[in-house]
Amino acid sequence: MSPTTDHTTSDPVLEQPATESTSATAATLRRLYLARFGFAVVWAALLALTGSDLGLVAGVLLVLYPLVDVASAVIDARASRARELRLNIVISAVAALGLALAAASGVPAVLRVWGAWAVLAGVVQLVLGLRRRRLGGQWAMIFSGGISTVAGASFIAMASQDDPALTSLAGYAVLGGIFFLISALRVKP
């Protein structure tokens, strides 16, 4: 890009043809997506083992998931300079705090907070995936963002049912992890 190009309207990394900057962004995203996949699978297994009882371990796991999302968004934002990630950082940090508070109130409160977070974070992921189409592998992120919004609404609805359970969150995490793995394998170098 020339020095006179206006950088205020969109993300300069995504406007450029494949360059050293987009290659570095793609490499960072690949590593980040692979790490997110591994984390999601391990987290889901641990929640499935402990989630029937909303005790200390399940509470820590619930808070940890959005905190990992915050850390991942910070890494991604440093690599890509995507503005949407700032919003995701705030949403996930608030979700972590909300989940810490909700865990003391019971499973329905946790499902409501998790659901609201899934809806908002899903919209951000969907928008970011659409903007990053040229990097490759983003159709999975677009699809994941859409599913997250629907799943979030279902978690909120589940909170009103008799005897709601946290185990559905494990399935949500695994599915999200699979989408991260697909994206990692499809991001263009």
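# Helix packing and ring pairs, with reasons

Me: Where is Ile147 found?
Reply: Ile147 is found in helix H6 (residues 138–158); helices (H or I, at least four residues) are DSSP runs, numbered from the N terminus. The model is predicted, with local features needing pLDDT of at least 70, side-chain atom pairs counting only at pLDDT 80 or more, and totals for chains, interfaces and linings using all residues. Residues are numbered from 1 along each chain as its sequence is written, and side-chain values use heavy atoms, with hydrogens and water left out.

Me: Why is Ile147 called partly exposed?
Reply: Its relative accessible area is 26%. Buried means under 20%, exposed over 50%, and partly exposed in between (1.4 Å probe, protein chains only). Ile147 is therefore partly exposed.

Me: What is Ile147 in contact with, leaving aside its neighbours within four places in sequence?
Reply: Ile147 is in contact with Leu175 and Phe179, where contact means heavy atoms within 4.5 Å. Ile147 and Ala118 are 29 residues apart in sequence and 9.1 Å apart in space, C-alpha to C-alpha.

Me: Why are H5 and H6 called roughly antiparallel?
Reply: H5 and H6 pack at an angle of about 160 degrees, with their axes 7 Å apart. Axes are lines fitted to C-alpha atoms, for helices over the stretch in contact, and angles run from 0 to 180 degrees between N-to-C directions. Angles under 35 degrees count as roughly parallel, over 145 as roughly antiparallel, 65 to 115 as roughly perpendicular and the rest as oblique. H5 and H6 are therefore roughly antiparallel to each other.

Me: How do the residues of the contact of H5 with H6 divide?
Reply: There are 14 nonpolar, 11 polar and 1 charged. Nonpolar covers Ala, Val, Leu, Ile, Met, Phe, Trp, Tyr, Cys and Pro; charged covers Asp, Glu, Lys and Arg; the others, Gly among them, are polar.

Me: What makes H3 roughly antiparallel to H4?
Reply: Helix H3 (residues 56–80) and helix H4 (residues 84–103) pack at an angle of about 165 degrees, with their axes 8 Å apart. That angle makes H3 roughly antiparallel to H4. The residues of this contact of H3 with H4 divide into 15 nonpolar, 3 polar and 2 charged.

Me: Why is the pair of Tyr33 and Phe180 called tilted?
Reply: Rings of Phe, Tyr and Trp (its six-membered ring) pair if their centres lie within 6.5 Å; planes under 30 degrees apart count as stacked, over 60 as edge-to-face and the rest as tilted. By this rule the count comes to 10 aromatic pairs. The ring centres of Tyr33 and Phe180 are 5.5 Å apart and the planes are at 50 degrees, so the pair is tilted. Tyr33 lies in helix H2 (residues 20–50) and Phe180 in helix H7 (residues 167–186), so the pair ties together parts that are 147 residues apart in sequence. Both Tyr33 and Phe180 are buried.

Me: What makes Tyr65 and Trp117 an edge-to-face pair?
Reply: Tyr65 and Trp117 are 5.9 Å centre to centre, with 75 degrees between the planes. Tyr65 lies in helix H3 and Trp117 in helix H5 (residues 107–131), so this pair ties together parts that are 52 residues apart in sequence. Tyr65 is buried, and so is Trp117.

Me: How do you know that Thr28 is buried?
Reply: Thr28 has a relative accessible area of 16%, and the place of Thr28 is in helix H2. With 16% set against the cut-off for buried, Thr28 is therefore buried.

How values were computed
Helices (H or I, at least four residues) and strands (E, at least two) are DSSP runs, numbered from the N terminus.
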